[in-house]
Amino acid sequence: MNSWQPNLNAKPFTPSSAYFTLPVCKKIRIRKKGIFSRIIQWLLVIVLLVTVVINFIFIWDTTKKYSRDRTNSNTAEGISKLEQSKEKTGSVAGGRRITIEVQSSREMASITVDGTKVLEATDEQKRGVNVAVLNQMTGAVMGTRSFDTFASKEDSDALVLFINMVSDGRILCFTIRDEATYQLKKTARNLMSTLGSENFKNLNFRDMWAFVAHKRGAVSAEGHRKAPNFDTWAEPLTIQALVTLQSEDSAACAWEDNDITRRRKEFCEKFEGYGSVCSCSNPAPLDIKSEPLPNGQKMTLPIAIIASNRPNYLYRMIRSVLSAQGADPSKITVFIDGYFEEPLAVARLFGIRGIQHTPVSSKNARISQHYKASLTTTFNLYPDAKFMIILEEDLDVSTDIFWYFHQLLPLLEEDESLYCVSAWNDQGYEHTVGDASLLYRIETMPGLGWVLKRKMYKEELEPKWPTPDKFWDWDMWMRLPENRLDRECIIPDISRTYHFGSKGLNMHPYFQEMYFKKHALNTEPNVKFDVEMVKKDNYEKEIQRLLSSSKTLDHSKNPCSHEDFVPDEKKKLYILHQNGPPHRLGHVERLSQMSQDMGFGRQRLSQKHVAFMDQGKPRVDRGMSSFSLLQP
């Protein structure tokens, strides 16, 4: 100790603090002793809090889902709580109860009433929204429809129209097969909301949905399952509703007692979706009085309407035919392929004869056999008829269709070079036609409203008609060279029929939209045709005259990049050379599109306007695809 000397340069001793001080806040101090144990304690507290939050969210989500599932009856055993409540409170009139089960899935949609399946959708023809209408007093099925709202905006409109035409109080059952939202319009979503649906307005791609409700009444059950992502369909959905039927003491419509009323009453007791036909206050007229032909006569030819099980199409078609000048209901027969009750009832509603055929074969062969039976039966029913008119259930007709046929019948009878007279122009788009009195001779058989000669059918076609084992289209068969034998058909520039059907064996909404929808239908009455001009020799001379007075286009220009490919000169005709084989459907269509791209818009670009030349040689064969002239 005596040798110790203080270090004058040493720093003064400062005892260390027992606390940590946070740099951001000097007032907050943390005791150093036991800090690690406290950190672990706080981490455990945080983990505990997170666990509590997660469990709370899980319980809340599960409760919400359970509540939604109960509300939507998303089990096969669920019974509508709303209906049960109404039965307990006596808000529904006493009556028997029916159980309605509705299934919605990618592969299949169905509606079952008391164990009987009344609607089953398993194929593409019934993709989208499927509907069944039930009588609220009997539970009987009054109508079923399918609307492909995935592929067609028109089907979305048709869904709205159908529901609006159903009488108030009916039981409506809806289900989705596969997908139903891609072309679904807002008007359809809003309509379902007015019916009481809580989920339809929020439907997304590939969701499943089912719904049971009275029109302008109570909702019985609803189910909705969302698709997990854009590439996957929602899980199959099943709902079940217990519906109490109303008592059958409702007052019947006070219609006048006559034959028309009796037909109307019989029809309206069984079928739905026909709007004012069944209106008590202002029923749609069924005894349609058409104007006579300009010569004061009625059409004397028998008319065959080829039908299947598309009663709503048939209803529209019959009203169109009966409204045409010269229509005579007694000359009309509806031929139905199969024993379907509703289309037969539609025919009888208008007092028109309906004949059901036993289906033979399947697919195209079945249609072919149905046509043969219909043609044979018509000529047997009218043994003195030299001709018959063939129409189809998905056609509208112009007001002058029978006057058009009437004027051309003498030529069809005397001219052996003619195969038929057709009301349809394959190239008759709204932007390619414009002359209601113009006629063509063409080297094909268009169909879609045409006149057939008895002699030709009985002597040529009927004996060799394709047998049931031949899966051929009847119209393609009739176009074969060995059947047509170089004969031609007469067609109008503006069609006298319009194809509106978007569903059928060979029909799809997309095809209807792209090909048929933009075709023109004549609206001008009492059109007088120059029949002399379409006689064979006169028509040949007219073609030669048009060709000789035409100018060849400048083929060094690309028509897709040169707006002046067709010179803008009025009343000038031009020839377009073709270096490949002609295709019947394509030339005028492609040129029509080309004309729009080049700014021709709605100017006329049709058979009269383009003359096609093969390898520099004119093709004067009167075919639509091989002869046309182009004029700005």
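This is a predicted model: local features need pLDDT of at least 70, side-chain atom pairs count only at pLDDT 80 or more; totals for chains, interfaces and linings use all residues.
**Stop 1: the cysteines**

Begin by selecting the bonded cysteines. The structure holds three disulfides. Number these cysteines in sequence order, and the pairing reads 1-4, 2-3, 5-6. Take the links one by one.

**Stop 2: Cys 253 and Cys 280**

Select Cys 253 and Cys 280. They form a disulfide, with 1.7 Å between the sulfur atoms. Look along the S-S bond: the torsion is -55 degrees, and the link is left-handed. Now show the secondary structure around the pair. Cys 253 sits in the loop between strand E11 (237-244) and helix H5 (259-268). Cys 280 sits in the loop between H5 and strand E12 (303-307). The bond therefore ties together parts that are 27 residues apart in sequence.

Is Cys 253 buried, exposed or partly exposed? Cys 253 is partly exposed, at a relative accessible area of 24%. Cys 280 is also partly exposed, and its relative accessible area is 47%.

**Stop 3: Cys 268 and Cys 278**

Stay around H5 and select Cys 268 with Cys 278. A disulfide joins the two, at 2.0 Å from S to S. The link of Cys 268 and Cys 278 is left-handed, with -95 degrees about the S-S bond. Cys 268 belongs to helix H5 itself, while Cys 278 lies in the loop between H5 and E12. Here the tied parts are ten residues apart in sequence.

Check the surface again. Cys 268 counts as buried, with 10% relative accessibility. Cys 278 counts as buried too, at 15%. Both values fall under the 20% cut-off for buried.

**Stop 4: Cys 420 and Cys 489**

Next, select Cys 420 and Cys 489. Their sulfur atoms are 2.1 Å apart and form a disulfide. Which hand does this link have? The torsion about its S-S bond is about 120 degrees, so the disulfide is right-handed. Follow the chain between the ends. This pair links distant parts of the chain, 69 residues apart. Cys 420 is in strand E17 (residues 418-422), and Cys 489 is in strand E20 (residues 488-492).

**Stop 5: Cys 173 and Cys 560**

Select two further cysteines, each on its own. Cys 173 counts as buried, with a relative accessibility of 0%. Cys 560 counts as exposed, at 70%.

**Stop 6: helices H6 and H7**

Select residues 311-323, helix H6, and residues 341-349, helix H7. The two helices pack with their axes 9 Å apart, at an angle of about 20 degrees. How do H6 and H7 run relative to each other, roughly parallel or roughly antiparallel? They are roughly parallel, because an angle under 35 degrees counts as such. Their crossing is right-handed.

Now show side chains. From H6, the contact is made by Pro 311, Leu 314, Tyr 315 and Ile 318. From H7 come Glu 342, Pro 343, Val 346, Ala 347 and Leu 349. Color these residues by class. The contact of H6 with H7 has eight nonpolar residues, one charged residue and no polar ones. Glu 342 of H7 is charged.

Key. Residues are numbered from 1 along each chain as its sequence is written. Side-chain values use heavy atoms; hydrogens and water are left out. A disulfide is a pair of cysteine sulfur atoms within 2.5 Å. Helices (H or I, at least four residues) and strands (E, at least two) are DSSP runs, numbered from the N terminus. Buried means under 20% relative accessible area, exposed over 50%, partly exposed in between (1.4 Å probe, protein chains only). Axes are lines fitted to C-alpha atoms, for helices over the stretch in contact, and angles run from 0 to 180 degrees between N-to-C directions. Angles under 35 degrees count as roughly parallel, over 145 as roughly antiparallel, 65 to 115 as roughly perpendicular and the rest as oblique. A crossing is left-handed if the near helix is turned anticlockwise from the far one by less than a right angle, and right-handed if clockwise. Contact means heavy atoms within 4.5 Å.
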